[in-house]
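Dear colleague,

I am passing on to you the structure shown below, together with a short account of what was found in it. Please read the account with the structure open beside it.

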Amino acid sequence: MAAEPTDLDDLRARAQRWLDDDPDPASRDELRAVLDRLPDSAPDLADRFAGPLTFGTAGLRGPLRAGPNGMNLAVVTQAAAGLVGWLAAEGATGPLVIGYDARRGSKEFAERTAEVATGAGRPALLLPRPLPTPVLAYAVRHLDAAAGVMVTASHNPPEDNGYKVYLGAQLGGATGAGAQIVPPADRGIEAAIRAVGPLAEVPLGPAGQVLGDDLTVAYVRQAAEVIGPDGPRRLKVAYTPLHGVGAAVLTAAFTRAGFGVPGVVPDQAEPDGTFPTVSFPNPEEPGAVDRLVALAESTGADLAIANDPDADRCAVAVRDPGTGAWRMLRGDEVGALLADHLMRRGVRGLYATTIVSSSLLRAMCAARDLPYDETLTGFKWIVRAGDGTDPLVFGYEEALGYCVAPDHVRDKDGITAALTVAELAAGLKAEGRTLTDRLDELAAEFGVHHTDQYAVRVTDLGLIADAMARIRAATPTALLGAPVTSAQDLLPGADVVILRTATARVVIRPSGTEPKLKAYLEVVEPVVDGDVAAARGRAVTSVAALRAEVATALAL
Ligand SMILES: O=P([O-])(O)O[C@H]1O[C@H](COP(=O)(O)O)[C@@H](O)[C@H](O)[C@H]1O
Ligand SMILES: [Mg+2]
């Protein structure tokens with residue numbers, strides 16, 4: 001819709017005020033060019049000023065562009081000033097530790113964050129080069145920092161960037177030390193960001209201290225110790241960091257733990273923020289792991305592993321014993337395998353996942369008499385699972401995120417997850433078995449828990465709100481021909497709708513990191529007469545039908 005003249009005048013005035021305050025000549029030019037194209041550029045301008053970025057599932061995230069609703073030097077300066085002001089007001093002492101990935105703008109945003117911190121009198125420690133998000137999360141705990149910032153947009157398209165914020169032990173408390181922020185801290189920091197005055201008056205200090213390699217060395221040493229010291233290590237692994245920052249640290253951790261050097265997809269090995277060989281650098285997206293699978297195939301690998309570009313997620317592909325083709329395991333499958341592995345190793349304590357993940361972990365914990373909890377989406381919630389009675393020992397989410405060592409890194413960690421999957425696969429291989437055999441065992445014991453995700457990417461966020469409204473106004477009363485036995489709406493706490501039948505479950509929510517609506521599907525199919533393959537077949541058919549029904553209901 002075209003903006004009315006008065007709206008347009010107002011928008012123009014706001015844009016001009018922002019432009020005058022913007023410290024970066026490049027984004028000033030960018031905004032000036034948009035203003036010069038008014039009124040044609042009104043929709044673009046309105047979107048850039050639709051509101052400030054807010055802390056979503058995993059920090060601030062948005063397109064690299066000028067204006068308050070984008071990632072740029074002005075927004076980062078404001079965010080950093082708000083954060084350090086809030087830390088001081090809350091009485092947190094100690095350094096701010098800052099990491100960055102290899103995207104466009106990341107290093108500059110990290111350095112600016114350091115300058116704002118030192119300008120406010122707080123020491124700033126900068127990671128020495130683009131490194132995985134879990135290394136930053138580790139550093140926050142390990143260096144007893146007041147807080148941490150990771151400049152990354154993870155798996156988002158190349159045009160995006162983002163800002164993840166972590167708190168140290170002083171403000172994060174026992175479960176939140178080194179974890180990403182949750183309410184009320186996030187809202188408090190947002191309020192402090194909004195209260196930042198003219199950017200020209202934000203004092204900038206020196207660039208901060210660049211940390212040495214000892215931090216990464218310590219991370220790698222402790223990562224390698226997450227797995228048992230002397231299990232089998234004979235395993236051939238193909239790996240890709242998807243043009244992100246994972247390769248060096250993952251390779252170091254694998255060799256330190258006694259594995260051979262993984263084969264790395266050559267043209268995806270080095271950090272490159274333009275992600276030239278993939279359309280989306282997200283291992284969840286179709287096609288993203290094609291080159292990895294080709295490498296695994298040509299080298300006769302036992303296992304294929306991908307990290308997302310900031311290496312906090314871990315995707316695993318295996319050869320399907322039936323078809324011989326490589327298949328990506330779902331996050332829920334890897335989550336169940338890792339949990340089962342830890343349980344067999346005798347790790348007792350709280351196991352946790354999210355409401356959008358499979359219900360298999362709940363069933364495993366019930367059968368094995370272990371405490372279990374589930375939280376809202378995002379690792380910021382998972383690491384705070386439970387009521388404090390039992391310490392968290394394992395957390396995972398269906399979006400390929402796993403935390404196998406919550407005292408090492410209080411966030412998901414694609415490096416330690418990869419190591420633990422490799423430990424499991426090598427142990428099974430030594431017995432002449434595979435990860436899929438273990439999945440079959442779990443299915444035989446608990447039934448096939450088949451999950452899938454139906455996700456729709458939009459350009460107009462209003463379409464997502466409309467679809468959520470539609471599902472609330474006309475909630476399906478039956479799915480797969482069975483009555484919906486419970487329909488839960490988690491508003492106002494969370495924008496989530498959960499539908500259940502006797503054997504199926506659908507959770508619908510907007511993504512907090514991308515312009516996507518997501519529906520998480522699960523069907524539980526009992527295994528009859530030990531025939532896992534037949535049960536899998538039925539589950540696959542049911543989930544496909546469920547997907548079609550949900551797509552129709554959402555009408556996106
Ligand atoms: O970007 P990453 O790898 O940190 O991953 C982030 O996004 C994922 C998807 O979230 P959403 O469904 O809201 O888009 C979350 O599951 C994850 O906890 C969060 O850290
Ligand atoms: Mg990530």
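In this predicted model, helix 9 spans residues 214-224, and its buried residues are Leu215, Thr216, Tyr219, Val220, Ala223 and Ala224. They lie on the same side of helix 9 because the arc they cover around the axis is only 160°. Asp214, Val217 and Arg221, on the other side of helix 9, are exposed. The cover over the buried residues includes helix 6 (133-142), helix 10 (247-256) and helix 15 (414-430).

Strand 11 comprises residues 314-319 and is mostly covered, with six of its six residues buried. In a regular strand, side chains alternate between the two faces of the sheet. In strand 11, Cys314, Val316 and Val318 point one way, while Ala315, Ala317 and Arg319 point the other way; all are buried.

Strand 10 (residues 303-307) pairs with strand 11 in the antiparallel sense, over four bridges. Within this pairing, alanine 306 is opposite alanine 315 of strand 11. The two strands form a hairpin with six residues between them, and alanine 311 in the turn has a positive phi of about 60°.

Strand 11 is also joined by three bridges to strand 12 (residues 326-328), and these two run antiparallel. Here alanine 317 has methionine 328 of strand 12 as its bridge partner. The hairpin of strand 11 and strand 12 likewise has six residues between the strands, and glycine 324 takes a positive phi near 80° there.

With kind regards

Note on methods: Residues are numbered from 1 along each chain as its sequence is written. Chains are lettered from A and ligands numbered from 1 in the order in which they are written. This is a predicted model: local features need pLDDT of at least 70, side-chain atom pairs count only at pLDDT 80 or more; totals for chains, interfaces and linings use all residues. A residue is buried if 20 or more other C-beta atoms lie within 10 Å of its own, exposed if 12 or fewer, and partly exposed in between; C-beta atoms are placed from the backbone. The arc is that of the directions from the helix axis to the C-beta atoms. Two residues are in contact if their C-beta atoms, placed from the backbone, lie within 7 Å. Two strands pair if DSSP finds at least two bridges between them.
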